[in-house]
Amino acid sequence: MKLSKIIPFLLLCIQTAFTGQLQVVATYGYIGDIVQRIGKDRVEVISLARGDYNPHIIIPKPSYIAKLRRADLLIINGGQLEIGWLPQIIKQANNGAVQPGERGFLDLSMHVHLIDVPTSVSRELGDVHPEGNPHFFMDPDNIPVIAKAITERLSELDPDNQAFYEANNKELYVLWQQNMKTWEEKLKPFKGVKVVEYHKIFDYFLERFGFTIVGTIEPLPGIPPTTKHIADVEKLIEREKVKFILQDVYNPQDASLYLSKRLNVKLIVMPHDVGAVQEADNVFSVFNEIVRRLTNG
Amino acid sequence: MKKTSISALLLFIFLWLSGLIRAQSKEGSAFDQSKYVPDIALILDVSGVARDMADQKYYSLTIPGFSYPFLNQPSSSGLNAHRGLNFNYGEMSLYSVVDPYFDLFAVIDLAPESAGLEEAYFTTRKLPYGFKIKAGKFLASFGRVNEQHEHYWDFANRPLIATALFGEDGLNEIGAQVTWVAPTPFFLVLGAEILNGENEQSFGTLGLSDPKGSVAIDAVQGPNLYIGFIRSSFDVEDASILFGISNAMGTSRNDQGFSSIGGTGEAVDANTDIIGGDLTVKYSLDAIRFISLQGEYMYRMMNGTEYRRDSLNVVSSPSIDKHNSGFYAQVAAKLDQLWEIGVRYDLLMQNDISLGGMDQHMPSNLPRYSAMIEYSPTEFSRLRLQIDRDESRSAQTSGGWSQQPYTQVLLQANFTIGAHGAHAF
């Protein structure tokens, strides 16, 4: 064996000896949880963003660069949700395997159908995502689709464990469908119920279960509410007989609380990701918790 | 009858044309490349300045000893240079992937009557083992603030020590950089840069010659500036701590009328070694609010020979030995989605210049105090009110230097349109 062949081989040995498992970095907690359910002990998963923070605005910590440097696979939500914080992390990680376009880069938004794709975009309209609403994780029907995409990619990068990943995916699918039945059952009485959201983050969930969204407390996506807009929403809630005000965990709740108290409309704070609230520590409990909070009284 | 036939003819022509246009727009896009247009952004920065000093006097001030005479004066084309209204810059940035192997990034600095290339460089995308190469013209990775574009700063102006050592435009050079990110559980990056080293404040490549032939020093050939840096980071709970050490070494050349024919003049040929240390701590209080602390220390040693030609055309060449140091420390706090406040303390500390072994008694321990409040309706627009009290500048008098403190209030507006990439930490 020539030295030029031995060195890469040795490096490969060192690399596999160090890791053994496939190193996966997920941008958000929900992605990490699905990867863990499919990869189990064959993968090591790191989720970057904190679940209780604004998914659009994450501080690009240098420690993320170190995590990405050692990754075999980077899985992102996509739909421009990470555009404000992830691109520089990828550039600084000096890891060719996880660059966009490589097999070690998986954009989940490419595998699901995005709603609210704008026909034209302008920042006059606030923080609009040109590819559509990126919070597709909120539609529980998207979970099996996401899980399938992840299973396929894990199998491609680690073909030795393909059968293992596929079996775990099947198991997840069955369990998910059982839970879906429960959620559908519990939310049946809510068809047509009118709600107001703070930010357009729960649209996928609300549309899936037949709620009617009549407005948002933000005047435009990403713009904090103004006094005038709050007054408009107040009229809207009264006119449309809105039943719930839905709020995420990371935005200020002053406006929602004010409207809730003044108009005696229930304010429900809902998790939008794994880790958003204490009870929502995995993909199942995120939806269990949303359903519990909606149906509680 | 005639009218209707004309109308019919017009209608026919119209239909035929519209059909043709439709067909063309489809066929005509066969070679359309609009999807490959790079990310283009324009950043505009304007300000209003109130200063308790006339502009002409302000431009004549300098920080003696920190650089060659008359080099570190505030220039009339710099940021916030004029009392009243200022057009600070229009900055156009272009970014795109070149192909699977390279990225390309460029920043064009636009002024009312000129345009210049601030940065233009490529980077590699998939070198193995954590390596990356960058080459072209770029802001050197020396410390923290130097690599950042102005609009990313927490304050309207560059820290004092960075201006004193590298000038108003920072250390911006032609050259190449290699970085290696270590496969460690914590962030660790090592980098080296080979640069032309034309920065007029601390480096330079000029050849020096006395018209009478007593001095003849060739211009520095090839790269003249070498930078090494190491940077690391770790998290403690919700705080991210980033720190680094940088070192820049190169030849320093400066010529103030020495190589021209006749009259007095002076020139310097020296070796410069600059060491910098930086620390940034960003602590998230919740999803929106954070506190960030940032500080940098820089120390410069310069030693070589100064060439002087007096009015009798006699050339002397005393040795020159400079030791300069300074730091800045700033705290900024994001109060909510819209408001951020901050304070900064700048201090130029050591300023020891010895010429032919004689101490030149330069002013030292020169401070500047700054405070700011900014309002950002969105991430694309920002208004900032800043107040500075600067006691670092002096005017030359017959008896030496006299300190000329001034106070200024800046109202700065900054806007971004187009596709502007995310910022690093």
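Chain B brings 32 residues and chain A brings 29 residues to the contact between them, where two residues touch if their C-beta atoms, placed from the backbone, lie within 7 Å. This is a predicted model, in which local features need pLDDT of at least 70, side-chain atom pairs count only at pLDDT 80 or more, and totals for chains, interfaces and linings use all residues. Residues are numbered from 1 along each chain as its sequence is written, while chains are lettered from A and ligands numbered from 1 in the order in which they are written.

**The chain B side**
- Strands E5, E6, E10, E11 and E12 of chain B each supply at least two residues to the side that touches chain A; strands (E, at least two residues) and helices (H or I, at least four) are DSSP runs, numbered from the N terminus.
- E10(B) gives the most to this side, with three residues.
- By class, this side has 17 nonpolar, ten polar and five charged residues (Ala, Val, Leu, Ile, Met, Phe, Trp, Tyr, Cys and Pro count as nonpolar, Asp, Glu, Lys and Arg as charged, and the others, Gly among them, as polar).

**A helix pair in chain A**
- The axes of H5(A) (142–157) and H6(A) (162–187) come within 9 Å and cross at roughly 175° (axes are lines fitted to C-alpha atoms, for helices over the stretch in contact, with angles from 0 to 180 degrees between N-to-C directions).
- H5(A) is therefore roughly antiparallel to H6(A), a term for angles over 145 degrees.
- Their contact residues divide into eight nonpolar, four polar and two charged.

**A sheet in chain A**
- Four strands form an open parallel sheet in the order E6-E5-E7-E8 (chain A), with pairing requiring at least two DSSP bridges.
- Three bridges join E5(A) to E7(A), and Val196(A) stands opposite Ile245(A) in E7(A).

Key. Angles under 35 degrees count as roughly parallel, over 145 as roughly antiparallel, 65 to 115 as roughly perpendicular and the rest as oblique.
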